[in-house]
Every structure is written in structure tokens, then in C-alpha cells.
Amino acid sequence: MAALRYAGLDDTDSEDELPLGWEQRTTKDGWVYYANHTEEKTQWEHPKTGKRKRIAGDLPYGWEQETDENGQVYFVDHINKRTTYLDPRLAFTVDDNPTKPTNRQRYDGSTTAMEILQGRDFTGRVVVVTGANSGIGFETAKSFALHGAHVILACRNMSRANEAVSRILGEWHKAKVEAMTLDLALLRSVQHFAQAFKAKNVSLHVLVCNAAAFALPWSLTKDGLETTFQVNHLGHFYLVQLLQDVLCRSAPARVVVVSSESHRFTDINDSAGKLDFSRLSPSKNDYWAMLAYNRSKLCNILFSNELHRRLSPRGVTSNAVHPGNMLYSSLHRNWWVYTLLFTLARPFTKSMPPASCLPQGVLHSGMLQHLYA
């Protein structure tokens with residue numbers, strides 16, 4: 001157990017604690033065996049439980065497997081700058097003969113991003129996250145990057161995007177991450193982003209449509225549309241259309257649309273039950289910021305559902321996800337009334353993880369869970 005504590009992966013399951021003189025080891029192909037130093041013998045079954053175990057998943061982010069000059073395998077933790085001969089995955093073993101599964105929910109509101117991604121290796125995968133320089137987008141981009149993915153932060157403000165890239169590289173210098181310009185309030189910018197991305201000649205395995213505007217005063221974009229509607233929905237809709245061929249070519253691929261429970265508190269149909277286009281991009285006299293946000297989120301849901309219906313036969317799935325009730329972020333910054341409301345609600349909300357301590361973050365566990373639904 002001391003070796004596990006040294007690796008930062010304490011085993012707290014008393015049933016699995018080994019008797020004195022026993023050591024837990026792993027084979028190169030992921031099977032667990034037990035060495036009895038007193039009797040100088042080895043066996044596959046746990047000396048107390050009689051169970052056989054194997055390793056679940058890949059090495060945690062930041063870890064690499066190396067071989068010393070004697071041919072013995074050891075493990076390097078690049079995040080904490082230390083080495084050990086104990087496989088860190090021993091903290092995440094599973095039974096070779098698992099018992100009947102229970103009805104217990106696997107993930108809940110307290111699940112962290114690291115628990116969702118444990119054992120996942122995204123090496124060779126390409127992920128695009130819009131609005132990734134802060135908040136939910138940044139934490140999502142960072143989680144993917146720290147697990148080996150090539151992550152592109154698609155942001156309007158390149159200065160802040162480059163700062164976000166530097167923060168991720170500061171946690172793991174081998175992370176493959178870059179920033180590209182994307183302004184969803186300008187359809188020409190969306191088109192330019194798609195062209196620049198395609199010019200890279202890479203795949204696209206995950207597209208996270210995260211960027212959003214909230215509580216904006218009424219304004220029109222240069223394309224002549226109400227800003228909240230264009231940024232939250234139409235810009236992403238256009239982006240997916242432009243990248244649809246890349247997604248299908250990269251299948252299996254996935255689109256994740258960050259929506260909100262607020263989609264339930266609005267309608268986009270008129271009194272006759274027909275789609276009312278004037279509600280999507282209302283005039284100044286008919287505009288209410290909260291209602292505009294709700295309608296854009298309803299459009300997110302409808303779009304994601306229809307996208308899944310059309311593209312799932314081609315290997316591209318789509319999910320819409322609500323990141324959490326009253327999630328505390330900077331989304332409310334545009335009006336002091338909402339800032340006050342979010343401040344009062346903060347003790348009862350999910351929160352962003354501290355910059356130096358990702359495992360405490362629970363904000364985007366729901367989003368990441370949908371990647372494996």
C-alpha cells in the first residue's frame with residue numbers, strides 16, 4: 001500500500017488489502033498477479049478474495065510507461081515529476097469475473113471529469129471546442145488535451161484563446177492543443193474557420209458546440225440577425241453543416257451541443273402551432289433577453305435531435321446536454337441583475353475546478369458522459 005500512496009493512488013478497499021509479504025504486479029498485457037515473497041511463489045488469484053483481476057483502461061493522463069536498462073518496466077508521472085515501478089492502473093482494476101451489475105447510477109452530479117475520462121486514451125483523436133478560452137469550454141478542452149487528444153480551441157478572442165492554450169501546456173507540456181479564430185456572430189468567420197480547419201487535412205472526431213451568449217441587450221449582427229440567436233444557435237448550425245463531410249469521413253464521430261433546461265420555458269410556434277420565424281430573431285420592441293436565450297436553447301435541442309436522425313446512420317451521433325442547474329460561470333456577466341442572482345445561488349450550484357486542481361471539477365461531467373452514451 002505504501003507504493004500506491006507514493007503513486008498518489010491509495011487503495012482504500014480493505015477487502016482487497018494484501019496480507020503481509022504479498023505484492024500485486026501486472027503483466028504487459030494488463031493482467032494482475034500476486035507474488036508471495038515469503039514462499040517465493042506467484043498466483044493469479046487474490047490471496048484473500050480469490051478473484052482474478054485485470055487492468056481497466058489506459059494509463060492516467062500524464063503517465064508514461066518506460067523500460068530501464070535491465071528490461072524492467074517502470075512508470076513516469078510527468079505531472080508530479082516522479083517515477084515508480086508500480087503500475088498506477090492497479091488502483092483501477094476490475095474483476096475478471098464481475099458480479100451481476102446493479103441498478104446504481106454510474107455518474108451523478110458529483111462525478112468529476114477525471115472519473116468520466118479515467119482509462120480513456122484520446123491519442124490520435126481530433127476535438128474542436130467552441131468558446132474554449134474560459135468556463136465550461138476551457139475545462140472540457142483541457143480534459144481532452146490532458147488525455148491525449150489534439151484539441152482546437154475555437155474562439156472569438158485570440159488573445160484569451162492563446163492564454164488558455166498556455167495554461168493547458170503549463171499542466172502538461174506534451175499536450176497537443178492550438179487556438180483558431182471563430183466568431184459565431186459573423187457567418188463569414190464561421191466559413192473561414194471551416195476552410196482553415198479543412199486545410200489542415202485532419203479528421204474531426206468530436207465537435208463540442210459550447211459557445212453561448214446570455215442576457216445580451218438587443219443588437220443585430222453584421223448578418224442582420226439578433227445576436228443571441230445567431231451566436232447560440234445559427235452560428236453552430238452553420239458550422240456543423242460546413243464540417244459535416246469531415247465528421248462523416250471521420251466516423252465514428254460525435255457532436256455535443258451544450259443546451260440548457262431553460263429550453264422548457266419558451267415556445268417558437270405561433271397560436272396556430274406553426275413555426276413563428278419572428279420569434280427566433282425578434283425586433284427590438286419584441287425582445288426580452290431571457291426569452292431569447294431560452295428560444296436559442298430550444299433550437300439547440302431540436303437541431304441536435306434532427307442531426308442525430310440524419311447522420312447517425314453514417315456513424316455520426318449527436319447529443320444535447322444540460323451542464324447543470326444554475327451552473328456558476330461567467331455567462332451572467334452582461335447584466336448586473338443576473339450577476340446578483342447567480343451570486344446568491346452560488347452556494348447551491350456546480351462550480352469550476354481550481355486552475356491547478358482539475359479532479360475537483362464537476363461542471364462538465366455530464367457533457368463528457370454523453371461522449372460515451
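**Exercise 1. About how many helical turns separate Glu-306 and Arg-309 in helix α8?**

Start with the ground rules. This is a predicted model, where local features need pLDDT of at least 70, side-chain atom pairs count only at pLDDT 80 or more, and totals for chains, interfaces and linings use all residues. Residues are numbered from 1 along each chain as its sequence is written, and side-chain values use heavy atoms, with hydrogens and water left out.

Step 1. Find the helix. Helices (H or I, at least four residues) and strands (E, at least two) are DSSP runs, numbered from the N terminus. Helix α8 spans residues 289-311.

Step 2. Glu-306 and Arg-309 are 3 residues apart in helix α8, so about one helical turn separates them.

Step 3. Check the contact. A salt bridge is a side-chain nitrogen of Lys or Arg within 4 Å of a carboxyl oxygen of Asp or Glu. Glu-306 and Arg-309 form one, with the closest N and O atoms 2.6 Å apart.

Step 4. Look for another partner of Glu-306. Arg-310 forms a salt bridge with Glu-306, and here the closest N and O atoms are 2.8 Å apart. These two residues are 4 residues apart in helix α8, about one turn.

**Exercise 2. Find which parts the salt bridge between Lys-198 and Asp-245 ties together.**

Step 1. Confirm the pair. The closest N and O atoms of Lys-198 and Asp-245 are 3.4 Å apart.

Step 2. Locate both ends. Lys-198 lies in helix α5 (residues 187-199) and Asp-245 in helix α6 (residues 227-249), so the bridge ties together parts 47 residues apart in sequence.

Step 3. Classify both ends. Lys-198 is partly exposed at 37%. Asp-245 is partly exposed at 38%.

Step 4. Count for the whole structure. There are 11 salt bridges.

**Exercise 3. Describe the sheet, its edges and the helices that lie across it.**

Step 1. Write the strand order. Two strands pair if DSSP finds at least two bridges between them. The open sheet has 6 strands in the order β11-β10-β9-β12-β13-β14, with parallel pairing.

Step 2. Find the edges. β11 (176-181) and β14 (316-321) each have a single partner strand, so one side of each lacks a neighbour in the sheet.

Step 3. Take one pair. β12 (residues 206-209) and β13 (residues 253-258) are joined by 4 bridges. Val-208 stands opposite Val-256 in β13.

Step 4. Contact means heavy atoms within 4.5 Å. Axes are lines fitted to C-alpha atoms, for helices over the stretch in contact, and angles run from 0 to 180 degrees between N-to-C directions. Helix α3 (residues 135-145) lies across β9 and β10, at about 165 degrees to β10. Helix α8 lies across β13 and β14, at about 160 degrees to β14.

Technical notes: Buried < 20%, exposed > 50% of the residue type's maximum accessible area, 1.4 Å probe, protein only.
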